[in-house]
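Take a look at the model, then read on.

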Amino acid sequence: MIVIRDTATLREEIKQRRRAALGADVQVGLVPTMGYLHDGHASLMRAARKQSDVVVLSIFVNPIQFGPNEDFDSYPRDEERDLALAEREGVDIVFIPTVEVMYPGPTKTKIQVSGLTSRLCGASRPGHFDGVTTVVAKLFNLVQPDLAFFGMKDAQQVAVLQQMVQDLNMPVHIVPCPIVREEDGLALSSRNVYLSEEEREQALVLSRALREAESAVTSGTVKQVTDLRRQLEQTIGTSSLALIDYVEILTFPGLEPLDENMLLNTIDQDLIIALAVKFGRTRLIDNIRLQKAEVHAYV
Ligand SMILES: Nc1ncnc2c1ncn2[C@@H]1O[C@H](COP(=O)(O)OP(=O)(O)OP(=O)(O)O)[C@@H](O)[C@H]1O
Ligand SMILES: CC(C)(CO)[C@@H](O)C(=O)[O-]
Ligand code: BAL
């Protein structure tokens, strides 16, 4: 595994790997992350290892996707541990740029995906997705991957990036990977480290609310969008520390809102239930997708 910190060496290394294949089709897989790696990230690396010949991991805490009052400065970082995990997962190249390497001057160009970014985290974190799409486009230009692996924990990010590559004819295939959870249901997240013991315990309400919502829909005990929302809010409300940012039921991947009175089994699209909830200073997100077949299963 080699560690690269500048863009010229990165480009040269990728070029050489392709050249060394003497015309054979080399699949380059990119796993973009902000570091402080956990098993969710490892699952992306494993998927990349399986599907690509060269696996590139990027570790970069991207300042332009953080709002002024967010946690850019305190975001957890541990390069040594990250490199050990990447090595174990068979990564070939780790790209770890500094902010100065990624943004040598003021950024005057940005990539903005409209519509899909107006709800959920896009509404709660203005400018966040412009920062994500801009940095991911830069990483795509630097690495020129054939495949790029992203976790469905950030489902809106996946939808936005799929739209970006489609709209801009970027020659990269976005590979969504399933959410990895702790045994008790909590979705792995670098920010879980911020949680106190009590917050960690109460945060389990998110996965529980999603699981209960799924079984209420598939068994037909909840039939309307409005009842589903009420059930979710009630479950989350059982946690005294939970402060709801959003509870949304939308189509996926279009992220279109639904009429509250709509009967769930008349909706002819896949759905997503997406949650963002604060526990103390920590904002957690989680989601579950409901395939239209399972929503239509009840009569
Ligand atoms: N539990 C998880 N399961 C699957 N993929 C995940 C999980 N957590 C993060 N990822 C994915 O890893 C990639 C990098 O995410 P990032 O480095 O921001 O980690 P994170 O744990 O989501 O951090 P944060 O706490 O900042 O949300 C993203 O594609 C993200 O969706
Ligand atoms: C895709 C990403 C690495 C861009 O900074 C980030 O948004 C993340 O970690 O999900
Ligand atoms: N995984 C999302 C990155 C962020 O919260 O900024």
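## Overall build

In this predicted model, residues 24 or more positions apart account for 72% of the contacts in the protein with a separation of 6 or more. Two residues count as in contact if their C-beta atoms, placed from the backbone, lie within 7 Å. Buried residues make up 35% of the 299 residues; buried here is a residue with 20 or more other C-beta atoms within 10 Å of its own C-beta atom, again placed from the backbone.

As for overall size, the C-alpha atoms fill a box of roughly 60 × 40 × 40 Å along the principal axes. The radius of gyration is 20 Å, which agrees with the value near 19 Å that a compact globule of 299 residues would have. That radius is taken over C-alpha atoms, and the globule rule is 2.2 Å times the number of residues to the power 0.38. You'll find 11 helices and nine strands, which are DSSP runs numbered from the N terminus (helices are H or I with at least four residues, strands are E with at least two).

## The parallel sheet

Six strands make an open sheet with parallel pairing, in the order E1-E4-E3-E2-E5-E6. Strands pair if DSSP finds at least two bridges between them. Strand E1 (2-4) and strand E6 (173-177) sit at the edges with a single partner strand each, so one side of each has no neighbour in the sheet. From one strand to the next, the twist averages 25 degrees.

Zoom in on E2 and E5: these run parallel and are joined by two bridges, and Gly 29 stands opposite Leu 147 in E5. Helix H7 (residues 155-167) lies across E5 and E6, at about 170 degrees to E6. For such angles, axes are lines fitted to C-alpha atoms (for helices, over the stretch in contact), and the values run from 0 to 180 degrees between N-to-C directions.

## The antiparallel sheet

There's also an open sheet of three strands, ordered E7-E8-E9, with antiparallel pairing. Its edge strands are E7 (242-251) and E9 (282-290), each pairing on one side only. Here the twist averages 15 degrees from one strand to the next.

E7 and E8 (residues 271-279) pair over nine bridges, with Thr 251 opposite Leu 271 in E8. Helix H9 (residues 204-219) lies across E7, E8 and E9, running at about 20 degrees to E9.

## Around the ligands

Ligand 1 is surrounded by 18 residues, and the closest are Met 34, Gly 40, Gly 151, Leu 188 and Arg 191. A residue counts as near a molecule if its C-beta atom, placed from the backbone, lies within 6 Å of it. Helix H2 (39-51) and strand E5 (147-151) each give two or more residues to this shell, and H2 has the largest share with four. By class there are eight nonpolar, seven polar and three charged residues. Nonpolar means Ala, Val, Leu, Ile, Met, Phe, Trp, Tyr, Cys and Pro; charged means Asp, Glu, Lys and Arg; the others, Gly among them, are polar.

Around ligand 2, the residues include Pro 32, Asn 62, Val 132 and Asp 154. Strand E2 (28-33) and helix H6 (128-143) each supply at least two residues, with H6 giving the largest share, three. This shell divides into five nonpolar, four polar and one charged.

## Reading notes

Residues are numbered from 1 along each chain as its sequence is written, while chains are lettered from A and ligands numbered from 1 in the order in which they are written. Since the model is predicted, local features need pLDDT of at least 70 and side-chain atom pairs count only at pLDDT 80 or more, while totals for chains, interfaces and linings use all residues.

Technical notes:
A residue is buried if 20 or more other C-beta atoms lie within 10 Å of its own, exposed if 12 or fewer, and partly exposed in between; C-beta atoms are placed from the backbone.
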